[in-house]
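Take a look at the model below. This report covers a few of its helices and contacts.

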Amino acid sequence: MRNYILKRFLLLLFLLVTVSSLVFFLVHLVPGDPVLTILGEGASIEDIERVKQELNLDKPIIQQYLDFTKNLADLSFGKSLFTNRAVSRSILIYLPNTLYLALAAMLLALVISFPPGVWAALKGDTHRAVDASVTFLSSVGLAIPNFFLGPLLIIIFSLELGWLPVSGSEGVEYIILPAVTLAASMSAFLTRIIRNSVSMELQKPYVLLARAKGLTEFQIFRKHLLKNAMIPIMTVIGLQLGALLTGTIITETIFSWQGIGSLLVTSIHRRDYPMVQGIIVFITFVYLILSFLVDLSYFFFDPRTRHEIKNQ
Amino acid sequence: MKLKTNKNIQLRIGFFLLGTILLLMIGFSLSRPLVIDIDMAHRLEPSSVKYLLGTDELGRDLLSCVLYGAGISLGIGFVVVVISFLIGGLLGLVSGYSGGAVDTMIMRLVDILLAFPGILLAIALAAFFHRGLLNLILVLTVTGWVEYARLVRGEVLKYKQKEFILAAKTYNASFFRIIIHHLLPLVLPLLMVQASLGISGVILAESSLNFLGIGLDPQIPTLGQLIDAGRDHMFDKPGLIVVPGVVLFFIIIAFNFIGEGLRKKFTKKI
């Protein structure tokens with residue numbers, strides 16, 4: 001087991017290094033001069049020199065790379081071209097809003113997806129219509145792009161009904177529409193995972209045994225089935241938390257929600273490259289560390305994994 | 001109520017939806033000229049005989065724009081999926097069958113590309129590349145082939161030690177003969193499922209990038225761009241968002257149904 005954790009940890013380190021290097025080299029992969037891309041054709045020579053210096057593009061590439069890694073190591077993530085402050089400071093200012101939105105969406109998605117997922121799995125055999133309608137609804141949820149759903153919700157609930165504010169991030173009522181937008185496709189996806197996981201477990205012999213013992217369906221579900229069915233569900237939830245950070249990029253843009261997602265989009269349009277690189281590296285690091293923790297969590301939730309790894 | 005289980009309903013709905021979309025697209029495109037030129041004199045006009053769905057903020061005929069955008073989405077989706085299918089399929093076959101250092105190298109590359117959550121890698125690449133059709137296709141392909149490679153490799157590992165591969169080796173079949181003639185037919189159904197589900201993923205990513213303004217030139221009408229621009233007129237002209245949004249929704253759901261249907265069909269056989 002220790003070997004497995006060590007191996008997994010080395011993979012994490014490898015990915016952290018390569019992913020950040022990849023993001024560093026993106027600027028240099030761009031065909032043409034990145035400075036001209038930032039300033040547009042016809043920029044004055046002084047401006048070109050200034051931006052070159054700010055981006056450190058006047059130094060040899062090895063030196064640039066070392067500076068980039070140094071900035072990652074001291075957690076400043078470089079300096080924004082626009083505000084001239086450390087990228088990490090901006091990230092820290094905007095991050096709480098993003099986390100708030102992501103967690104609200106996750107909670108909402110869990111509340112929305114559990115009942116129909118479990119219901120479809122338990123009743124699926126006898127009531128095909130239940131299963132079919134849950135599957136149908138989740139297909140619809142998966143097919144609505146969030147950048148369409150968001151404006152649609154604004155049109156219905158803010159403009160037509162006037163119940164909720166259009167955009168902003170000041171109070172509790174502001175989070176409802178963005179959270180629903182962000183949660184929609186995730187709850188559709190989770191419903192499927194929950195339905196499949198529970199119905200797979202239902203076919204296992206221990207359920208038959210529990211029935212033979214005379215337990216009620218509810219007891220079987222609560223005491224035996226749920227724990228086993230939760231294992232794949234937990235994995236998905238862990239990975240989705242990371243993916244949510246990406247989902248917030250579009251949702252925050254729609255609702256002018258002041259988080260790192262909308263900050264990323266604004267920085268892309270301002271051509272604030274250090275900021276763009278910093279946010280992308282940051283989100284990816286969070287995602288990688290989360291998936292590493294998800295992998296380790298197997299050992300706690302499922303004792304069988306410990307034996308499997310030991311026997312290999 | 002009992003639904004018949006032997007018929008593949010999802011596949012039928014998927015093909016029906018896709019067929020309807022294509023027929024409507026072809027019908028409208030043939031019956032009236034596509035005008036997507038900017039015409040500031042006719043901004044935000046209501047529906048009329050000349051502009052069936054009215055015009056957008058730039059005075060472009062909304063119907064033409066939506067048809068054009070849907071065409072772009074389908075075209076890009078198709079091209080990206082075909083390239084990803086070929087690259088990912090081949091690398092997956094090579095990686096799974098040859099094993100060793102080649103396998104490790106390809107799989108580490110896959111790990112690196114999968115390290116970025118969701119469409120973050122596509123956004124990162126698009127943010128640094130110039131706008132343009134070729135670059136957009138490149139961005140979506142770089143991020144798109146990975147899933148195929150991983151799936152195919154997993155399947156190949158299952159068959160690698162089987163007798164028929166040993167038999168092929170004994171009569172001195174070449175490396176490429178084994179992966180193309182013996183392994184490819186086995187992984188093809190899985191690849192087909194992934195491709196049809198993949199098209200909707202690519203179209204979603206493409207329109208997301210266009211929505212964010214980092215895909216094609218915003219002067220070119222795409223479904224993502226139309227929805228983005230329509231946000232300025234949610235109050236006075238919600239149709240500018242609803243029409244392209246609904247079209248995009250039906251395109252995505254059609255391919256999702258086809259993919260799910262194919263998956264059911266093939267997993268039943270295997």
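Axes here are lines fitted to C-alpha atoms, for helices over the stretch in contact, and angles run from 0 to 180 degrees between N-to-C directions. This is a predicted model: local features need pLDDT of at least 70, side-chain atom pairs count only at pLDDT 80 or more, and totals for chains, interfaces and linings use all residues. Residues are numbered from 1 along each chain as its sequence is written, while chains are lettered from A and ligands numbered from 1 in the order in which they are written.

**A helix pair in chain A**

Helices are DSSP runs of H or I with at least four residues, strands are E runs of at least two, and both are numbered from the N terminus. Chain A has 13 helices and zero strands. Two of its helices, α5(A) and α11(A), pack together.

| Item | Value |
|---|---|
| α5(A) | residues 87–123 |
| α11(A) | residues 260–270 |
| Angle, α5(A) to α11(A) | about 130 degrees |
| Axis distance, α5(A) to α11(A) | 8 Å |

The angle makes α5(A) oblique to α11(A); under 35 degrees is roughly parallel, over 145 roughly antiparallel, 65 to 115 roughly perpendicular, and the rest oblique. Residues are in contact if their C-beta atoms, placed from the backbone, lie within 7 Å. Among those meeting here are Tyr94(A) of α5(A) and Leu263(A) of α11(A).

**Gly96 in chain B**

Gly96(B) sits in helix α2 of chain B, residues 62–98. Is Gly96(B) buried or exposed? Gly96(B) is buried, because 25 other C-beta atoms lie within 10 Å (20 or more is buried, 12 or fewer exposed, in between partly exposed; C-beta atoms are placed from the backbone). Its contacts include Val152(B) and Lys160(B), not counting residues up to four places away in sequence.

Technical notes
Contact = placed C-beta atoms within 7 Å.
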